Amino acid sequence: MDPLRAQQLAAELEVEMMADMYNRMTQACHRKCVPPFYKESELSKGECVCLDRCVAKYLEVHERMGKKLTELSLQDEELLKRMQQGSGTA
């Protein structure tokens with residue numbers, strides 16, 4: 001595959017994943033913080049605080065998971081290289 005095309009596909013995938021994360025976060029935090037029957041047209045202070053905390057936690061967990069998955073991926077790559085080197089010398 002052409003390197004430019006691969007880069008474009010990676011960028012498209014990243015945008016798609018970010019949109020999915022945003023949609024999931026929005027749904028989860030809305031479900032948690034906003035009652036199903038609205039009393040007012042504006043968010044209450046309690047709802048705003050809940051949403052702020054929910055979004056902050058969601059993004060923190062997302063970042064931690066991304067770092068951990070990257071770490072695991074690098075470990076897998078190193079292990080695969082070692083295995084290939086071991087089988088190449090035998």
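**View 1. The link between Cys33 and Cys50 is left-handed, with -70° about the S-S bond.** Cys33 sits in helix H1 and Cys50 in helix H2, so this pair ties together parts that are 17 residues apart in sequence. Zoom in on this predicted model and you'll find the two sulfur atoms 2.0 Å apart, forming a disulfide.

**View 2. Cys29 and Cys54 are joined by a disulfide.** Here the S to S distance is 2.0 Å. The torsion about the S-S bond is about -85°, so this disulfide is left-handed. Cys29 belongs to helix H1 (residues 3–33) and Cys54 to helix H2 (residues 45–89), which makes this a link between distant parts of the chain, 25 residues apart. Both cysteines are buried.

**View 3. Cys48 has its closest cysteine sulfur in Cys33.** That sulfur is 9.8 Å away, too far for a bond, because a disulfide needs the two sulfur atoms within 2.5 Å.

**View 4. Step back and the count comes to two disulfides.** Number the bonded cysteines along the chain and the pattern reads 1-4, 2-3. UniProt, in an unreviewed entry, lists residues 7–71 as "domain: Tim10-like". That span is 83% helix and 0% strand, and its end C-alpha atoms lie 22 Å apart.

Notes. Residues are numbered from 1 along each chain as its sequence is written. This is a predicted model: local features need pLDDT of at least 70, side-chain atom pairs count only at pLDDT 80 or more; totals for chains, interfaces and linings use all residues. Side-chain values use heavy atoms; hydrogens and water are left out. UniProt positions are given in the numbering used here, feature names are shortened, and annotations may be inferred rather than shown by experiment. Helices (H or I, at least four residues) and strands (E, at least two) are DSSP runs, numbered from the N terminus. Buried means under 20% relative accessible area, exposed over 50%, partly exposed in between (1.4 Å probe, protein chains only).
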